Amino acid sequence: MQRIREKIDPAQFDIKDTVVSINRVTKVVKGGKNLSFSALVVVGDGHGVVGFGVGKAKEVPSAIKKGIESAKKGLIRVPLQGTTIPHMVVGKFGSGSVLLKPAPDGTGIIAGGAVRAVVESAGLQNVLTKSLGSANPHNVVRATFNGLMSLKDPAAVARMRGKQLEDFGMVKA
């Protein structure tokens, strides 16, 4: 079942950006090689709104700027439960998969480079993660987003099932 994404206006939020990776890429043409830079950027407000984008340009700053603009177009809202996520989830993209697990207060962010950038931008402060499979930052970021998008808000699930939040053994944070 494909979830319909709501359109989030980036102007409403105080969005900060994080550059995950910058690659020098070349295109071989008749006259030689064309050099350019590709930047993978994650943006977020630190309160449950996060997005990522890829920008490509002849110079690094231009590539980062394009990546930020692209990231603002694809913002998603992450259901938070206090400072962590509501339940465990595995996000997959290509050969990369990322395990995201809720953690008690004081644990901090246990995550590698690309996953750390995404969960910090989303505003998570206590989470356990494990990147499985591909180490390619593009695949890892997309797998993390896949996992965050598949998170369900406990209150919404309770409403949908016609039950109380307490019936699931969860307390409202």
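Helices (H or I, at least four residues) and strands (E, at least two) are DSSP runs, numbered from the N terminus, while residues are numbered from 1 along each chain as its sequence is written. Because this is a prediction, local features need pLDDT of at least 70 and side-chain atom pairs count only at pLDDT 80 or more, whereas totals for chains, interfaces and linings use all residues; side-chain values use heavy atoms, with hydrogens and water left out.

## Overall layout

The protein holds 4 helices and 8 strands, and along the sequence these follow the pattern β-β-β-α-β-β-β-β-α-β-α-α. Its C-alpha atoms fill a box of roughly 70 × 35 × 35 Å, taken along the principal axes. Of the 173 residues, 39% count as buried, where buried means under 20% relative accessible area, exposed means over 50%, and partly exposed lies in between, as found with a 1.4 Å probe on protein chains only. Among contacts (heavy atoms within 4.5 Å) with a separation of 6 or more, residues 24 or more positions apart account for 57%.

## The sheet around E8

Strands E5, E6, E8 and E7 form, in the order E5-E6-E8-E7, an open sheet of 4 strands with mixed pairing; two strands are taken as paired if DSSP finds at least two bridges between them. Strand E5 (89-93) and strand E7 (109-110) stand at the edges, each with a single partner strand, so one side of each has no neighbour in the sheet. Strand E6 (residues 96-102) and E8 run antiparallel and are joined by 7 bridges, and one of the pairings places Val-98 with Ser-131 of E8. Helix H3 packs on this sheet, where it touches E5, E6 and E8, and its direction makes about 135° with that of E5. E7 and E8, by contrast, run parallel and are joined by 2 bridges, with Ile-109 standing opposite Val-127 in E8.

Val-127 belongs to strand E8 (residues 127-133) and, at 0% relative accessibility, counts as buried. Leaving aside residues up to four places away in sequence, Val-127 touches Thr-84, Ile-85, Lys-101, Ala-103, Gly-108, Ile-109, Ile-110 and Val-119. The C-alpha atoms of Val-127 and Val-60, which are 67 residues apart along the chain, are separated by 32 Å.

## The sheet from E1 to E4

An open sheet of 4 strands has the order E1-E2-E3-E4, and its pairing is antiparallel. Strand E1 (16-29) and strand E4 (76-77) stand at its edges with a single partner strand each, so one side of each is left without a neighbour in the sheet. Helix H1 (residues 60-73) packs on this sheet and touches E1, E2 and E3, its direction making about 145° with that of E3. H3 lies across E1, E2, E3 and E4 and runs at about 155° to E3.

The antiparallel strands E2 (residues 32-44) and E3 (residues 49-57) are joined by 8 bridges, including one pairing of Leu-40 with Val-54 in E3. Ser-38 has its place in E2 and counts as buried at 9% relative accessibility. Beyond residues up to four places away in sequence, Ser-38 touches Ser-21, Ile-22, Asn-23, Val-25, Val-54, Gly-55 and Lys-56.

| Strand pair | Bridges | Direction |
|---|---|---|
| E2 and E3 | 8 bridges | antiparallel |
| E6 and E8 | 7 bridges | antiparallel |
| E7 and E8 | 2 bridges | parallel |

## Helix H2 and its contact with H3

Helix H2 (residues 113-122) and helix H3 (residues 137-149) pack at an angle of about 40°, with their axes 8 Å apart. That angle makes H2 oblique to H3, since angles under 35 degrees count as roughly parallel, over 145 as roughly antiparallel, 65 to 115 as roughly perpendicular and the rest as oblique. Axes here are lines fitted to C-alpha atoms, for helices over the stretch in contact, and angles run from 0 to 180 degrees between N-to-C directions.

Ala-114, Val-115 and Val-118 in H2 meet Pro-137, Val-140, Val-141, Thr-144, Phe-145 and Leu-148 in H3. 7 of the 10 residues of H2 are buried, so this helix is largely enclosed by the rest of the structure; the buried residues are Ala-114, Val-115, Ala-117, Val-118, Val-119, Ser-121 and Ala-122. Just after H2, Gly-123 takes a positive phi of about 100°.
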